[in-house]
Amino acid sequence: AKTGEQIEMEMAEDAWPLFQAGDRDGYITSVAKCAANTKADVIALAQASMAPAAKLLPGRKVLSSPEAGLAAALALLA
């Protein structure tokens, strides 16, 4: 709200059953497919387990917790 940016949330509903079944590749592909269908300028992946989906979204700005966490840790060490 402070930036005036619009936030849209999409649920990759097909992904969770794949995760539960241990189908990691299917899970990641499902997350990426859902994200690819958005018109968002920036995609934020809500779970660390979703981070590999970023590789399936070339040319898109993707935020994920592992990357953000590492960047924050490195900034503290600098």
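The largest pocket has 29 lining residues, and Glu8, Met9, Glu10, Ile43 and Ala44 lie nearest its centre. The pocket holds about 900 Å³ of space. By residue class, the lining divides into 19 nonpolar, six charged and four polar residues. The structure is a predicted model.

Confidence in the prediction was examined next. The average pLDDT of the protein is 92. A score of at least 70 is reached by 99% of the residues. Among the elements, H2 has the highest mean pLDDT, 97. Helix H3 (residues 65-77) has the lowest, 87. Where pLDDT is low, predicted coordinates should not be read in detail.

In soluble globular proteins, nonpolar side chains tend to be buried together. The largest nonpolar core of this model contains twelve residues. These are Ala15, Tyr27, Ile28, Val31, Ala32, Ala35, Ile43, Leu45, Met50, Ala53, Leu57 and Val62. H2 gives the largest share, five residues. Ile43 belongs to this core and is also one of the residues nearest the centre of the largest pocket.

Leu45 is another member of the core. Neighbours within four places in sequence were left aside for its contacts. Leu45 then touches Val31, Met50, Ala51, Ala53, Ala54, Val62, Leu63, Ser64 and Ser65. Among these partners, Val31, Met50, Ala53 and Val62 are listed in the core as well.

Key:
Residues are numbered from 1 along each chain as its sequence is written. This is a predicted model: local features need pLDDT of at least 70, side-chain atom pairs count only at pLDDT 80 or more; totals for chains, interfaces and linings use all residues. Side-chain values use heavy atoms; hydrogens and water are left out. On a 1 Å grid over the protein atoms alone, a cavity is a set of points where a 1.4 Å probe fits but cannot get out, and a pocket is an open set with protein on both sides within 12 Å along at least five of seven lines; lining residues have an atom within 4 Å of a point. Grid points are joined across faces, edges and corners, and a volume is the space filled by probe spheres set on the points. Ala, Val, Leu, Ile, Met, Phe, Trp, Tyr, Cys and Pro count as nonpolar, Asp, Glu, Lys and Arg as charged, and the others, Gly among them, as polar. A nonpolar core is a set of buried Ala, Val, Leu, Ile, Met, Phe, Trp, Tyr and Cys residues joined through side-chain atoms within 4.5 Å. Buried means under 20% relative accessible area, exposed over 50%, partly exposed in between (1.4 Å probe, protein chains only). Helices (H or I, at least four residues) and strands (E, at least two) are DSSP runs, numbered from the N terminus. Contact means heavy atoms within 4.5 Å. pLDDT is the predictor's confidence in each residue, from 0 to 100.
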